[in-house]
Amino acid sequence: MTISHVAVIGAGLAGLTCARELAAAGVQVRLYDKSRGPGGRLSTRHSPAGPFDHGGADFAASGSDFAQQVSQWTEAGWLAGVDDARHTGVGGMNALPRALAQGLAVQLDTEIAAIEPAGEGRWQLRAHQPVPGLAEQVFDAVVVAVPAEQAVPLLGVAPALAEGVRPVRSEPTWTVMAAWPLALPARSERLQPASGPLREARRDDTRPGRERVAGVGCRWVLHATPDWSANNLDAPPDQVLRRLLDAFGEALGVRLARPAHAVAHRWRYAQVPQPLSEPCSWEATLRIGACGDTWHATGKAEGIERAWLSGRALARAMQAT
Ligand SMILES: Cc1cc2nc3c(=O)[nH]c(=O)nc-3n(C[C@H](O)[C@H](O)[C@H](O)COP(=O)(O)OP(=O)(O)OC[C@H]3O[C@@H](n4cnc5c(N)ncnc54)[C@H](O)[C@@H]3O)c2cc1C
């Protein structure tokens with residue numbers, strides 16, 4: 001069967017990359033995402049104190065293919081350097097997925113519950129809430145582009161794929177977004193304390209193209225370590241906020257003034273410490289595939305690079321079928 005109509009579940013970098021490759025080859029693609037916007041973990045949270053990049057906020061390119069892609073995105077004005085090695089979105093990390101989603105059919109606020117047979121080897125999707133028109137959409141192939149733990153239940157129709165993904169574990173991250181009326185006395189805009197609950201504290205408002213907000217002197221994003229996040233996964237957000245702000249004050253060596261704005265966010269599935277070595281999963285007989293940062297362990301590639309490589313690899317495997 002020729003693959004001419006594909007559903008992609010998940011409009012993060014992997015799903016968007018896969019969808020763009022397929023669309024460029026003339027395949028009709030429709031993406032579904034449970035969130036209000038595309039991008040997944042490349043997320044920019046808006047607040048009265050301005051935007052915060054509270055997920056994957058910058059990255060390096062370890063391989064030549066990704067480096068070439070990053071150069072093209074930079075030339076297009078979507079990315080800029082934060083230093084010699086790392087890149088971020090212009091105006092916010094979410095600028096990249098928003099640009100990549102242009103021209104694609106992306107249905108947001110739609111959480112897919114199951115992939116179901118539609119007869120003659122085709123598939124349809126069922127959402128958690130009724131979605132007008134969804135039952136009439138029939139696909140030749142389905143791509144699952146979500147974190148491993150969320151992929152397993154969706155891959156129930158392809159048990160071999162589900163079993164391959166099941167052992168993968170994502171690490172959680174508790175993140176705090178905080179703003180102060182004046183700049184803080186930090187010796188660097190990125191602190192990585194050697195001990196304590198904080199993995200990293202990063203100044204966010206001085207990055208390329210970030211919005212300035214009157215009365216806001218600085219915005220910082222604080223990420224807890226994976227261990228601390230796992231041990232405090234169900235802690236109340238207020239408690240997490242206090243503990244991480246205290247740790248930030250200790251890292252700065254000052255008694256921190258009360259922030260004008262501070263919110264804690266829990267990423268249950270933030271990063272994958274031990275990704276699979278395969279580039280992606282593709283079951284050609286069923287025409288179901290999966291991609292994302294769960295796959296493509298290669299050299300020093302970080303999650304963002306792996307998501308891109310994996311989405312591209314799956315699109316190529318599908319076209320070679
Ligand atoms: C705090 C934090 C810091 C990070 N730091 C870095 C870093 O420094 N460098 C780096 O390279 N990477 C970093 N990452 C990781 C990086 O963001 C990810 O590896 C990458 O964005 C993964 O992309 P993806 O497309 O595979 O998955 P995602 O971005 O998670 O996309 C999956 C999408 O699927 C959607 N979805 C899930 N289930 C369903 C469903 N049932 N129905 C519909 N939609 C669904 C989600 O809403 C989401 O949009 C960080 C991540 C976090 C959270």
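Start with Leu13: one of its polar backbone atoms is 3.1 Å from a ligand oxygen. That is a polar contact, meaning a pair of N or O atoms within 3.5 Å. Ala14 has a backbone N or O atom 2.9 Å from an oxygen of the ligand. Ile112 puts a backbone N or O atom 2.9 Å from a ligand nitrogen. Alone, the ligand exposes 1000 Å², and the protein buries 94% of that (Shrake-Rupley method, 1.4 Å probe).

A caution on sources. This is a predicted model: local features need pLDDT of at least 70, side-chain atom pairs count only at pLDDT 80 or more, and totals for chains, interfaces and linings use all residues. Residues are numbered from 1 along each chain as its sequence is written, and side-chain values use heavy atoms, without hydrogens or water.

Now the shell. Which residues come nearest to the ligand? Of the 37 around it, they are Asp33, Arg41, Asp293, Glu302 and Ile304; a residue counts as near if one of its heavy atoms lies within 4 Å. Domain 1 (5-42 + 94-168 + 275-319) and domain 2 (44-93 + 171-271) each give at least three shell residues. Those bounds come from an automatic or database domain assignment.

Last, His296. Is His296 buried or exposed? Buried, because its relative accessible area is 17%, and the cut-off for buried is under 20% (1.4 Å probe, protein chains only). Leaving out residues up to four places away in sequence, His296 touches Leu276, Ser277, Glu278, Pro279, Arg306, Leu309, Ser310 and Ala313. Contact here means heavy atoms within 4.5 Å.

Conventions
Buried means under 20% relative accessible area, exposed over 50%, partly exposed in between (1.4 Å probe, protein chains only). A polar contact is a pair of N or O atoms within 3.5 Å; within protein, one must be able to donate a hydrogen and the other to accept it, and residues adjacent in sequence count only if both atoms are side-chain atoms.
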